[in-house]
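Visitor: I am new to this structure. Please take me through one part of it closely, then show me how that part sits in the whole.

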Amino acid sequence: MVKFLKLYEKIGIFILIVAASIFLAIVSPNFRNMDTILSIIMQGSYGAIIAFGMTFAITSGGFDLSVEAVMGLTSVIIAMLIPSLGFAGSIIIAVLASCFVGFLNGILITKVGISPLITTLSMQVILRGASLIITNGRQVVISQKSFMSIGASKAFGFLPMPIIYMAVLFAIFYIILNQTTFGRHVAASGSNEQAAKMSGLNISLIKTVVYILVAFSASIVGVIRTSQTLIGIPTMAPGFTLNVLTIAILGGTSLAGGRGNLIGTLFAGIFISMIYYGLNLLNVQIFYQMLAVGITLLFALFIDGLRMKYLETAKIKGIRV
Amino acid sequence: MDENNIFIELKNIKKIFPGVVALEDVDFDVKYGEVHALVGENGAGKSTLIKILGGAYQPDGGEIIIEGKTANISATSMAQQYKIAVIYQEFNLVPDLSVAENIFIGREPKVGKTFVNWKKINNDASEILKKLDIEINPKKFISDLSVAEKQMIEIAKSLSMDAKLIIMDEPTATLTEKEVIKLFSIIEELRKKGVSIIYISHRLDEAFKLSDRITVLRDGKKIETKITSETNQNEIVSLMVGKVVKDYFSEKKQKTSDEVIMEVKNYNIADSIYDMNFQLHRGEILGFAGVLGSGIHHLLRSLYGGEQIASGEIYFENQKVSIKKPSDAIKLGIGYVTEDRKGEGLLYDMSVLQNLSIIIIKTLTAFKGLFIRQKKELDVFNAMAKELDIKYASVNQRIIYLSGGNQQKVIMGRTLVSDCKVLILLEPTRGIDVGAKAEIHKIMTALAEKGISIIMTSSELPELVNLTDRCIVLYKGKLAAEFNRENMDEEKLVAAEIGKHIYSNN
């Protein structure tokens with residue numbers, strides 16, 4: 001069992017992707033052309049980008065359930081400000097506001113000592129409410145058509161921009177997690193907070209920065225999605241938080257904290273997108289798609305639970321599986 | 001049987017753990033209404049013995065006879081049926097339930113079959129508490145009680161089960177003096193009622209005050225059972241210590257310099273350390289000895305910034321300093337190696353390499369502390385691994401897969417690579433085998449010879465006696481005695497640890 005789990009940790013998500021690809025290639029002739037594949041990757045990029053941030057949060061020993069509301073907040077701020085500030089200004093302000101939300105999450109969790117679950121869930125509701133208040137409950141149409149180029153254009157005539165954003169953010173987050181002292185500190189605080197503290201680390205600061213990173217990544221996706229639709233939507237992407245969590249955990253980042261796997265996250269994002277594509281292909285109703293994501297999350301948690309149990313971290317840390 | 005009034009008798013009890021004989025042919029008995037004290041150093045086998053009586057362990061040989069019949073205590077629930085109650089140092093109480101609910105947990109009086117009879121449960125509870133002369137409202141929550149009160153509730157709980165034998169493991173370790181007096185009067189009450197008590201304590205004076213007989217364990221063997229009125233504390237201490245094994249210690253050759261590197265003045269920690277003063281010299285190994293509840297661990301933790309409630313002055317290299325958090329201590333050059341490897345030492349999910357470098361990782365970087373220079377990190381690791389002779393399969397191996405001794409070396413190495421001037425070591429050899437112990441001792445001696453000052457504590461007295469230049473004994477948070485290499489031996493340390501000041505140095 002331990003051997004299987006260790007193997008899964010390394011290559012599990014790739015096996016899933018290969019299996020899904022073979023399946024799709026057989027049932028759908030369309031899958032064999034480049035545009036379809038790029039479109040699947042693009043659809044997966046939204047979840048993957050936020051899951052990069054989520055991977056940091058989980059690695060530090062927490063998680064963030066407020067990401068979809070951060071997307072909504074970003075969306076309405078841009079829509080409201082774009083007529084007066086233009087799109088550079090409105091994007092900067094929306095992203096900064098989102099980072100401030102992450103900062104608040106971090107302070108509440110580390111300094112006030114509220115659990116990440118309650119803090120970020122409350123933040124989710126607060127932001128949703130605030131976004132609806134700002135727009136008076138309406139969706140706000142953006143008239144600057146040129147804003148669309150940010151999320152809906154293609155580089156070199158074939159590569160959708162979101163894929164490029166995903167690649168750039170992946171590189172940045174990967175380097176931060178694996179090559180910098182900050183990344184090391186994040187893993188240490190999630191691995192054993194007390195030991196990290198006794199090693200002289202400033203846990204509050206580290207975790208606060210982590211929650212800022214999550215909110216930042218959610219905000220970027222908020223910008224992309226808003227640009228694609230040209231509408232400021234206060235209730236953007238309902239239920240998307242769960243997708244993001246599923247991607248991070250499925251990618252092999254353990255809920256026990258301490259081990260972040262961004263490569264896994266990247267591919268899990270694409271895998272989830274393949275599931276959606278496959279279900280669409282088979283003409284399955286949208287309700288079943290929700291069902292599928294839920295089952296995938298449970299599956300990922302199941303494997304993670306086995307891992308905690310068998311790799312004995314659970315026992316050492318007193319985590320209930 | 002009856003003329004001897006024996007409630008329980010153990011014959012030739014044996015318990016073997018992998019690689020260790022924990023108990024060897026132990027005979028032991030307790031009479032009705034007797035207080036029987038069980039004493040011995042750490043690792044003597046006291047805990048194993050009470051766990052066997054409580055049904056937590058099964059003996060590998062021997063016989064247990066309860067009220068004349070052979071008994072098989074195969075589970076903790078069986079102990080209850082035999083009317084044996086064990087009060088461990090860690091209480092078995094549910095913090096979010098009331099006193100009454102805890103006393104009757106699992107045996108609540110019911111209305112019909114489903115509903116708890118609240119009136120009866122509260123009345124019954126207050127009756128039991130009254131019998132013991134304990135003034136606690138049975139409706140109070142356990143989480144609102146003090147340690148002493150919780151302990152009384154444990155006793156009340158045992159009584160409500162009609163326990164005929166109550167085993168108390170270090171009951172006074174965390175109590176104040178007033179609470180101890182209260183506990184003693186309760187024990188006196190129980191004795192009058194015919195309840196037998198096995199009393200385990202590091203504090204010999206308590207054993208003498210309370211007990212009818214005293215049994216001494218050492219290295220898993222019963223040394224002797226003495227009638228309390230026919231023996232004295234000196235005899236018991238020498239029975240406890242026995243012969244000293246000196247072989248595996250490496251002697252420190254060099255003399256300590258007179259230069260004071262660190263000085264602690266008028267140091268207080270709420271409820272655990274009172275008015276502490278001491279100096280630490282360059283290259284000195286300073287030991288701290290004391291039993292559970294002496295406050296040593298609080299003191300040493302707080303010198304590293306691990307606790308924030310201390311008051312007093314600390315001077316480091318003649319500068320007054322303030323150590324509020326571990327990073328303050330690290331900056332000064334104070335290192336700390338925890339006794340709680342699992343709780344605050346190991347970064348489980350991380351590799352051997354990452355575990356070793358966590359404190360100094362900021363210095364192994366390019367671009368102003370941002371990017372880790374992997375090669376430099378590896379060099380530091382390799383040098384330290386060689387120096388400490390750490391055995392590992394690969395640098396990327398997760399630390400939890402290493403043996404206890406090698407884990408300990410990595411944790412020590414983590415502190416050593418930071419070039420500290422003062423090293424605080426708590427139980428440096430706990431839970432590791434004899435070979436690795438000797439290695440750790442050798443490392444410590446070598447460090448001291450290099451001019452690093454070491455503050456250490458250990459519950460293994462031979463370690464203190466043989467390694468330290470000087471040893472300070474704490475008793476209930478106060479400095480009780482101080483010994484130097486020439487006048488220190490185990491007997492004196494034990495005596496001072498348990499509150500006998502007769503051997504004091506000055």
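Which exposed residues does the face of α13(B) turned away from its buried side carry?

Guide: The model is predicted. The face of α13(B) turned away from its buried side carries Lys375(B), Asp379(B), Ala383(B) and Lys386(B). These four are exposed.

Now the helix itself. α13(B) has 15 residues. From its first C-alpha to its last, α13(B) reaches 21 Å. That is close to the 21 Å expected at 1.5 Å a residue.

Turn to the other face. The buried residues of α13(B) are Glu377(B), Phe381(B) and Ala385(B). They cover an arc of only 60° around the axis, so they lie on the same side of α13(B). Something covers them. The cover includes α12 (352-357) and β20 of chain B.

Next comes the end of the helix. Just after α13(B), Asp389(B) takes a positive phi of about 55°. Asp389(B) is a residue other than glycine. Its place is in the loop between α13 (374-388) and α14 (404-416) of chain B. Asp389(B) counts as exposed because 12 other C-beta atoms lie within 10 Å, and a residue is exposed at 12 or fewer.

Asp25(B) has a phi near 45°. Asp25(B) is found in strand β2 (residues 20-31) of chain B. Asp25(B) has 14 C-beta neighbours inside 10 Å, so this residue counts as partly exposed.

Back to β20, one of the elements that cover the helix. Where does it lead? To chain A. In the contact between the chains, 26 residues of chain B meet 19 residues of chain A. On the side of chain B that touches chain A, β20 (371-372) supplies at least two residues. So do α10 (326-332) and α11 (341-344) of chain B, each with at least two. By class, this side of chain B has 14 nonpolar residues, eight polar and four charged.

Now step back to chain B as a whole. Chain B has 17 helices and 24 strands. Its radius of gyration is 25 Å, close to the 23 Å that the globule rule gives for 506 residues, so chain B is as compact as a globular protein of that length. The C-alpha trace of chain B spans about 75 × 55 × 45 Å along its principal axes. Buried residues make up 45% of the 506 residues. Take the contacts in chain B between residues at least 6 apart in sequence: 67% of them join residues at least 24 apart.

Chain A is the partner. The secondary structure of chain A comes to 13 helices and four strands. Its radius of gyration is 20 Å, which agrees with the value near 20 Å for a compact globule of 321 residues. The C-alpha trace of chain A spans about 55 × 50 × 35 Å along its principal axes. In chain A, 50% of the 321 residues are buried. Among its contacts with a separation of 6 or more, residues 24 or more positions apart account for 79%.

The largest nonpolar core has 231 residues. Helix α3 (residues 67-112) of chain A gives the largest share of this core, 16 residues. Ile166(B) and Ile424(B) have the most contacts inside the core. Leaving out residues up to four places away in sequence, Ile166(B) touches Ala85(B), Ile87(B), Ile155(B), Ser158(B), Leu190(B), Val195(B) and Ile197(B).

Conventions:
Residues numbered from 1 in each chain as written. Chains lettered and ligands numbered in written order. Predicted model: local features only at pLDDT ≥ 70, side-chain atom pairs only at ≥ 80, totals over all residues. Rg over C-alpha atoms; globule rule 2.2 N^0.38 Å. Buried ≥ 20, exposed ≤ 12 C-beta atoms within 10 Å, placed from the backbone. Contact = placed C-beta atoms within 7 Å. Nonpolar A, V, L, I, M, F, W, Y, C, P; charged D, E, K, R; others polar. Core = buried A, V, L, I, M, F, W, Y, C linked by C-beta atoms within 7 Å. Expected span 1.5 Å × (residues − 1). Arc of directions from axis to C-beta.
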